[in-house]
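Reader: I am new to this structure and would like to learn how to read its features. Please take them one at a time.

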Amino acid sequence: MKITEVSFERLDLKLSEPYTIAYETIDSTVNFILKIETDCHITGYGCSAPDLIVTNESPLDVFDAINEIIIPFLKGKNPFTYALLLLELRTLLGKKSSSLNMVDMALHDVVSKKAGVPLYQYLGGFQTCIATSVTIGILPLEETLLRAREFVKMGFTILKIKGGHSLEEDVAKMKILHEEFPQITFRFDGNQGYSVLDSVAFVKATSQIGIEIFEQPTMHEKEERLSEVMNQVDIPVMADESLKTLTDAFRLAQNERVDMVNIKLMKVGGILEGMHINSVAKAAGIESMIGCNDESSLGIAAGLHFALSRPNIRYADLDGHLDLLDDPFQGLFHLRNGVLYPTEAPGLGEFEVF
């Protein structure tokens, strides 16, 4: 099998409503869609969602990477040598992780379609569905409650609440949310907004709620603070911004910094690298969650198939597509009562967008 054509499209997608996290407010996203065609008439697709903070790329960086590196590199190559191709591309692309992820996705889409099975089965097929959280950004209390009511009415059973601006407001908000929705599982993402003292105080003040995951409360530049928090609280502490590479995963595990890691394909460079990171985490007794950026359903589908493939992945936060207007990818998976199900179509699914 040989790659005969490589093309792409840029999608400028607006969010239905802007959202705020500890360090920025987001109202739109750019996705690039890569299309790989082969001499076997099998086509694979990949997605890049660049973010200067998360993936070290601007949209212009991805545009240049596609035209100057990815297209000339891939033409004539055999997709089944994807481990070699991705290793060489990682050197050429440097830290452009969503660009690498885009190629990784497309190659995995091709080879699993050639095998005639859904990607999650090609990768291992450990489970057939997974519950996802849905995220509420930093909002005033009444708006937070309104959004929570909408999501619960839609059938979601796990809510991830963003915070980090104000310890007092975060604690009060979580207590009121729990009072109104005692049956709901809550996760809390500090997005690096807390000190160690604030982190510990937050957990103690919300101990009756039973928060499931405490995600990246402290700054990633001071990684040791995560372990200081972990050693003083009794709920799992998760690394997100502190985990971007396999080296990060090894260091976090070796120094016993966290209980969990958030693996986002866009920030780590794709499924193959995500598997390596998950293996390091598993060896260290660290559980994995598969997260996402603001990305189309195509990107979410890749995260879902990866999440279903490995026993160490017990959690998912794959909601980045829900607020996008005019997402062109539909039918790649099903969302019912907060649970994601893949289709049984080969690869990521059969579709045509350009």
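Reader: Is Cys40 buried, partly exposed or exposed?

Author: Burial is read from relative accessible area: buried is under 20%, exposed is over 50%, and partly exposed is in between, with a 1.4 Å probe and protein chains only. Cys40 has a relative accessible area of 31%, so Cys40 is partly exposed. Cys47 has 0%, so Cys47 is buried. As to the source, this is a predicted model, in which local features need pLDDT of at least 70 and side-chain atom pairs count only at pLDDT 80 or more, while totals for chains, interfaces and linings use all residues. Residues are numbered from 1 along each chain as its sequence is written, and side-chain values use heavy atoms, with hydrogens and water left out.

Reader: How many disulfides does a search of the whole structure find?

Author: A disulfide is a covalent bond between the sulfur atoms of two cysteines. Here the test is a pair of cysteine sulfur atoms within 2.5 Å. The search finds zero. For Cys47, the nearest cysteine sulfur belongs to Cys292 and is 11 Å away.

Reader: Which residues of the largest nonpolar core touch the most other members?

Author: In soluble globular proteins, nonpolar side chains tend to be buried together. A nonpolar core is a set of buried Ala, Val, Leu, Ile, Met, Phe, Trp, Tyr and Cys residues joined through side-chain atoms within 4.5 Å. The largest one here has 80 residues, and Leu159, Met174, Phe186, Phe202, Phe214 and Leu298 touch the most other members. Helix α12 (residues 297–307) gives the largest share, seven residues; helices (H or I, at least four residues) are DSSP runs numbered from the N terminus. Domain 1 (3–116) and domain 2 (121–353) both contribute, so this core lies between them; the bounds come from an automatic or database domain assignment. Apart from this core lies another, of 26 residues, including Ile3, Leu74, Tyr82 and Met102.

Reader: In α2, which residues are buried?

Author: They are Tyr82, Leu85, Leu86, Leu89 and Leu93. Seen down the axis, the buried residues of α2 fall within an arc of 95°, so they line one face of the helix; the arc is that of the directions from the helix axis to the C-beta atoms. The face turned away from the buried side carries the exposed residues Leu87 and Thr91. The buried residues pack against α1 (59–74), α3, α4 (119–123) and α11 (271–283).

Reader: How many residues of α3 are buried?

Author: Of its 19 residues, 17 are buried, and α3 is mostly covered. Gly116, with a positive phi near 80°, follows α3.

Terms used
Helix = DSSP H or I, 4+ residues; strand = E, 2+ residues; numbered from the N terminus. Contact = heavy atoms within 4.5 Å.
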